[in-house]
Amino acid sequence: MRIVIIGLGSIGSNHLKLLVKNYNHDLLIYRSGKTRSKNKYNVRETYSWRDIKGFNPEVVFICNPTNLHISTAIKCAKLGYKLFIEKPIDSNTKNLKFILKLVKIKKIVSYIAYNLRFHPIIIDIKKIVKTKKPIHCRISCTSDIKNWRNNSLFKKSYSLKKKSGGGVLLDLSHEIDYIDYIFDGIKSINGLHYKLSNITIDSEDCADLIIKTKKCIVNLHLNFISKIKERSIKIDFKNFSIETDLNTGKFIKHYSNKISSKKYIISKEKVYLNQLDYFFSNINNNKMTNNLEEASVLFYKLIKYKR
C-alpha cells in the first residue's frame, strides 16, 4: 500500500517508526521545510505536492500542525486519498462542513486518530460500563509540557499558541474523546479553562470541566503545568468503585470491605500499533469507528465550549 505521511514532528515520526517496523507499505514523507535533518529510516522525502500526486498514494497520514488538518484533508480528499487524521480534527470548525460534504460525496474512508481507545484499561472500563451503571466519574490528566519534547522543539511547539490549535482542550482532548466513547456520548461541556502560567504564549494551560454524558456526570481536570505526571480515572458504581492510572497500568476495584487489584503492562507502542491494525483492517470501510463524520459531532461541541 502506498502511504504518504504529511508532517514529521513527534507524532508523524512515531507513525513512521511503526509503519517501517511492522508493515511492508511503500512510504513517502511530505515535509514543509528543507532545513531539517533527514529521517533515520531512509524513507524518501519530498517538499512538493507534485511528487505526492505522482506517487499516487492510497492513504495519507495527516500529522502536520493542528490548524492545518482540515485544509490538508481537503486537498487529499479531492484527489481521492483515504484519510488518517491525527487528533484533533483541527483548531476550529472553519471548512469542516465542506470536508464532511466532500468525504461523503467522494466516499472517502476517514479516521480521526485517538489512540487511547485502544488502551487496555479503556477497553476494560468500556466493558464494565456496558453492564454496570456508573454514578459518577473523576478524571485527571496532568503533566509538564516542557517534558513532551526536547527544548528546541518545545520552543517551536504549536501547543503554545491558540492560533495553531494549542492548549489543553485540544492537546489533551484524548480525555474528552474517551469520555465520549466510554459513556456513550457527551451531552454538554461546562466549566472553566484558563492560562495560569507563562509556559504558553496565549493558549490555556489548565481546565476544570463538568461534562454531562448519557451515562453519568464526569469531573475532568486537565493541565500541562504540573510536575506530577498523572492520567487517572475514578468511577463510582452502586456496589464498587474503580481507580485506574493509564500511565502506570494500575487498576484497583474498591468494595465496602475489600479491594482487588491488578496491574497492566502498558506499552505505548502496542497501543498505537493496535490502532494502526484497526485502521488497516477497516481500510475500505467508510463507516469505521471515529470516522470524520462521527468525530465531528464531539468536535463541534468542544469548539463551541472552547470559544
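I began with strand 2, where I found that the bridge partner of Arg2 is Asp26. For the record, I am working on a predicted model, in which local features need pLDDT of at least 70 and side-chain atom pairs count only at pLDDT 80 or more, while totals for chains, interfaces and linings use all residues. Residues are numbered from 1 along each chain as its sequence is written, and side-chain values use heavy atoms, with hydrogens and water left out.

I looked up how strand 1 (residues 2–6) and strand 2 pair, and they run in the parallel sense over 5 bridges. I take two strands as paired if DSSP finds at least two bridges between them, and I take helices (H or I, at least four residues) and strands (E, at least two) as DSSP runs, numbered from the N terminus. Both strands belong to an open sheet of 6 strands, whose order is 3-2-1-4-5-6 with parallel pairing. Its edge strands are strand 3 and strand 6 (110–113), each of which pairs on one side only.

**Entry on strands 7, 9 and 10.** I next followed strand 10 (residues 217–223), which runs parallel to strand 7 (residues 134–144) and is joined to it by 7 bridges. Within that pairing, Cys137 has Val218 of strand 10 as its bridge partner. Strand 10 also pairs with strand 9 (residues 206–213), here in the antiparallel sense and over 7 bridges, and a hairpin of 3 residues joins strand 9 to strand 10. I noted Asp208 as well, whose bridge partner in strand 10 is His221.

**Entry on helix 5.** I checked the length of helix 5 (residues 120–131): at 1.5 Å a residue its 12 residues should span 16 Å, and the end C-alpha atoms are 18 Å apart, which agrees. The expected span here is 1.5 Å times one less than the number of residues. I then listed the buried residues of the helix, which are Ile121, Ile122, Asp124, Ile125, Lys126, Ile128 and Val129; buried means under 20% relative accessible area, exposed over 50%, and partly exposed in between (1.4 Å probe, protein chains only). Their cover includes strand 7, helix 8 (173–182), strand 11 (225–237), strand 12 (241–245), strand 13 (250–254) and strand 14 (259–263), where contact means heavy atoms within 4.5 Å.

**Entry on salt bridges.** I searched the whole structure and found 14 salt bridges, each being a side-chain nitrogen of Lys or Arg within 4 Å of a carboxyl oxygen of Asp or Glu.

One of them joins the side chains of Arg31 and Glu45 at 3.3 Å, N to O. Arg31 lies in the loop between strand 2 (26–30) and strand 3 (45–46), and Glu45 lies in strand 3, so that this pair links parts of the chain 14 residues apart. Both Arg31 and Glu45 are buried.

Asp124 forms another salt bridge, with Lys262, the closest N and O atoms being 3.4 Å apart. Because Asp124 lies in helix 5 and Lys262 in strand 14, the pair ties together parts that are 138 residues apart in sequence. Asp124 counts as buried at 19% relative accessibility, whereas Lys262, at 44%, counts as partly exposed.

I also looked at Asp144 and Lys227, whose side chains meet in a salt bridge of 3.6 Å, N to O. Asp144 is in strand 7 and Lys227 in strand 11, 83 residues apart. Asp144 is buried, with a relative accessible area of 10%, while Lys227 is exposed, with 70%.
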